[in-house]
Amino acid sequence: MDEIYKKDLEFLVEGFSAEDSVRIEHSFDFAFKAHETQLRMSGEPYVTHCVAVAKILKEMKMDPATICAGLLHDVLEDSKYTEEDIRKIAGENVGFLVEALSHVQAKVFKTKGEIFGESLRKMFLAMAKDIRVVIIKMADRLHNMRTINFLPVDRQKTVADETLNIYAPLAHRMGMSKIKSELEDAAFEVLHNDAYIKITEKINENKEERENRVAEIVEKLKLELEAAGIEAEIKGRPKHFYSIFLKMDREGKEIEDIYDLIGLRIVTDTLSRCYGALGLIHHMWKPMPGRFKDYIAMPKFNMYQSLHTTVVDEKGGPLEFQIRTKDMDKTAEEGIAAHWKYKEGLIPDDKTDSSFVWLRQIVDWQSSIRRSEDFLKELKLDLFEEEVFVFTPKAEVKELSKGSTILDFAYAIHSNLGDRCTGGKVNGKLVGFKYELKNGDIVEIITSTTQTPKLDWLKIVKTSKAKSRIRHWIRANTNAAENIQKGKELLLARFEKEGLVFEKLSKEKWAEVLDHYKVKEIDDILAAIGYGEISENKITNHILNVAHEHIQKQEIVPGKQVAKGQIIVEGKYADISYKFAKCCNPLPGDQITAIFTKKGLSIHKKECQNVEERKISAPYVAVSWSGEDGYFYTSKLRIIAKNRAELINELIAAITKNGAMINAMNYSVLAGGTISGEITVRVKDQKHMLDIMGMLRQLPNIGSVERLDI
């Protein structure tokens with residue numbers, strides 16, 4: 001063993017007992033033995049990866065068993081040794097962790113769709129037994145992303161895409177913000193390299209000037225805090241490249257408008273000093289309206305607690321502050337890894353940790369989903385959802401996904417409350433099932449002993465927990481014959497719209513559907529539709545795709561290209577007329593696809609919900625923008641602003657000054673003198689729309705400006 005590895009081993013055992021140090025050393029030696037003939041893509045010995053993962057876990061202050069498992073995490077997959085060998089070397093606990101990890105260790109670039117979804121299902125089941133499984137997996141993925149440049153380009157993109165869509169959001173869910181940010185930036189560099197280079201270069205341009213400004217603010221604030229008797233550490237808060245990119249994309253801004261935003265963090269020792277520091281900051285600088293968040297009083301789902309505020313300094317520049325205690329700071333950086341202090345065989349109590357509660361819910365609802373691809377889709381939705389905080393009548397805070405309804409709220413309280421829900425009151429007013437809850441709503445559920453869940457509720461609820469419970473109730477409380485009959489009625493109604501005849505479908509078409517959903521009989525499909533596990537739309541779309549399989553194959557490889565004004569159409573449909581879909585109104589600059597209909601081609605944005613959820617049963621056709629000028633396209637803006645005398649005139653002037661045309665404007669005055677308005681405009685392309693949005697945001701008292709699908 002050379003000197004470098006000796007130093008690594010010394011680092012790994014530092015601070016542990018003699019017994020634990022021996023166990024780590026034995027695991028260290030065993031990892032070398034198991035991987036002695038293997039190399040990484042970089043040409044380095046494979047064991048360097050195992051050691052690197054263990055070092056990341058040690059930096060996270062994990063326990064000896066976790067560090068041993070980090071050293072041995074690839075042994076079962078990549079060597080001749082067994083779980084029993086690992087148990088002899090490192091103990092029962094380490095054997096369990098490595099065995100659990102081996103189920104989800106299939107290299108990501110070898111896995112797609114169904115296989116990867118199944119791999120994730122196994123990971124969540126293992127996580128529910130011991131959360132350290134995901135902590136080791138995060139360390140493993142982090143080192144893989146640090147060395148991703150050694151992979152072939154196509155594999156880099158696959159790994160980076162998976163990291164950005166699954167592992168970084170999962171790290172966020174677990175409160176592991178340091179790992180989340182590094183994963184996002186590494187994936188961002190691979191997937192959007194031009195934007196990554198532009199942002200990093202721009203930030204480095206004025207690095208010295210920005211650091212001097214931060215030092216000046218820190219010194220000034222430190223003097224004021226000391227005078228007030230508040231001991232605190234003040235430090236600059238680095239802005240992560242991917243978060244800047246998202247903000248640019250979300251707000252339609254250039255890097256010049258964002259990169260110089262200064263962020264600072266204040267870490268003190270008590271709760272009262274956090275609020276004292278907040279008051280002092282608001283006394284020194286003018287706070288920006290609507291930019292204060294109290295995540296101490298109402299913690300985020302991942303245990304995050306902090307005060308957030310944005311102020312304007314004497315030079316007119318914005319300053320962002322996060323204020324928290326030392327314990328909150330540690331939890332914010334490391335999340336669940338900081339929260340759990342493991343001993344051998346200890347399983348955490350999920351009642352004390354919201355992240356673990358979320359994990360239990362995932363395990364619960366995944367069992368009601370038949371296909372792993374569907375599990376993967378719902379997991380992505382669950383990972384990416386923003387949260388909304390609402391209150392019970394007793395002032396207890398409940399966190400739900402944004403867009404949740406009173407039914408979601410009822411099921412979040414208790415399954416029986418959801419099952420018996422007939423309506424509710426929000427802030428004292430009666431509301432229906434479809435009312436979307438907003439931050440600060442006080443919700444009271446109205447129930448009836450005669451109420452039971454309905455299949456249509458699945459179209460109303462947002463949360464996976466509510467969907468799972470509704471499906472479970474219908475399955476448990478209706479017999480198979482009822483579900484089959486209900487499913488057939490729904491499918492026949494959908495077939496009728498598409499001109500399909502149930503009795504005339506060939507055995508071959510049904511066989512493909514049965515194989516796809518891994519069932520033996522058509523009645524199994526009908527029953528699954530009847531209790532809500534599969535939608536009739538999905539089955540119909542699948543039947544149509546089977547029927548049009550020969551067409552689909554022709555469209556994958558473009559045939560002739562025909563430029564037809566705004567659009568270039570490829571393949572056999574090049575001579576057919578087209579129109580732009582009103583469900584998403586694409587603009588030049590948006591990624592687009594076309595759907596073949598009886599009236600011609602319908603052009604959609606690729607991320608249009610009707611495309612992603614395949615609600616439209618028709619072949620897809622490859623199209624692109626021609627780049628031809630002179631056309632205007634319909635789009636819509638939503639504007640939230642403080643009402644004032646000249647606001648409407650200024651909005652109209654800003655839009656028309658930018659060369660756009662206004663088709664319609666509707667607005668209403670909300671409580672507190674706020675205006676919510678929608679403006680339908682005619683613009684040249686996506687950039688034209690972004691320019692208009694940027695100018696509107698510069699008007700006084702504008703809260704938000706966003707582009708809407710129509």
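1. A cavity, as the term is used in this note, is a set of grid points where a 1.4 Å probe fits but cannot get out, and its lining residues have an atom within 4 Å of a point. The model under review is a predicted one.

2. By that definition the structure holds three cavities of 30 Å³ or more. The largest cavity contains about 60 Å³ of space. Its lining is made up of Ile 639, Ala 641, Leu 647, Ile 648, Leu 651, Met 665, Asn 666, Tyr 667, Ile 675, Gly 677, Glu 678 and Ile 679.

3. E21 supplies the largest share, four residues. In terms of residue class, the lining comprises nine nonpolar, two polar and one charged residues.

4. Attention may next be given to a helix pair. Helix H6 (residues 83-90) packs with helix H7 (residues 92-102) at an angle of about 145°, and their axes are 7 Å apart. The crossing of these two helices, H6 and H7, is right-handed. On the H6 side the contact involves Glu 83, Ile 86, Arg 87 and Ala 90, and on the H7 side Glu 92, Val 94, Gly 95, Phe 96, Val 98 and Glu 99. Classed by residue type, this contact of H6 with H7 has five nonpolar, one polar and four charged residues.

5. Helix H4 (residues 64-72) is mostly covered, with nine of its nine residues buried. The buried residues of H4 are Pro 64, Ala 65, Thr 66, Ile 67, Cys 68, Ala 69, Gly 70, Leu 71 and Leu 72.

6. Asn 585 has a phi near 40°, a positive value in a residue other than glycine. Asn 585 is placed in the loop between strand E14 (578-580) and strand E15 (592-597). Because its relative accessibility is 10% and buried means under 20%, Asn 585 counts as buried.

7. Asn 701 also has a positive phi, near 65°, and is likewise a residue other than glycine. Asn 701 is found in the loop between helix H30 (686-697) and strand E22 (702-708). Is Asn 701 buried, partly exposed or exposed? With a relative accessible area of 43%, Asn 701 is partly exposed.

How values were computed
Residues numbered from 1 in each chain as written. Predicted model: local features only at pLDDT ≥ 70, side-chain atom pairs only at ≥ 80, totals over all residues. Heavy atoms only, no water. Buried < 20%, exposed > 50% of the residue type's maximum accessible area, 1.4 Å probe, protein only. 1 Å grid on protein atoms, 1.4 Å probe; cavity = no way out; pocket = protein on both sides within 12 Å on 5 of 7 lines; lining within 4 Å. Points joined across faces, edges and corners; volume = space filled by probe spheres on them. Nonpolar A, V, L, I, M, F, W, Y, C, P; charged D, E, K, R; others polar. Axes fitted to C-alpha atoms, helices over the stretch in contact; angles between N-to-C directions. Left-handed = near helix turned anticlockwise from the far one by under 90°. Contact = heavy atoms within 4.5 Å.
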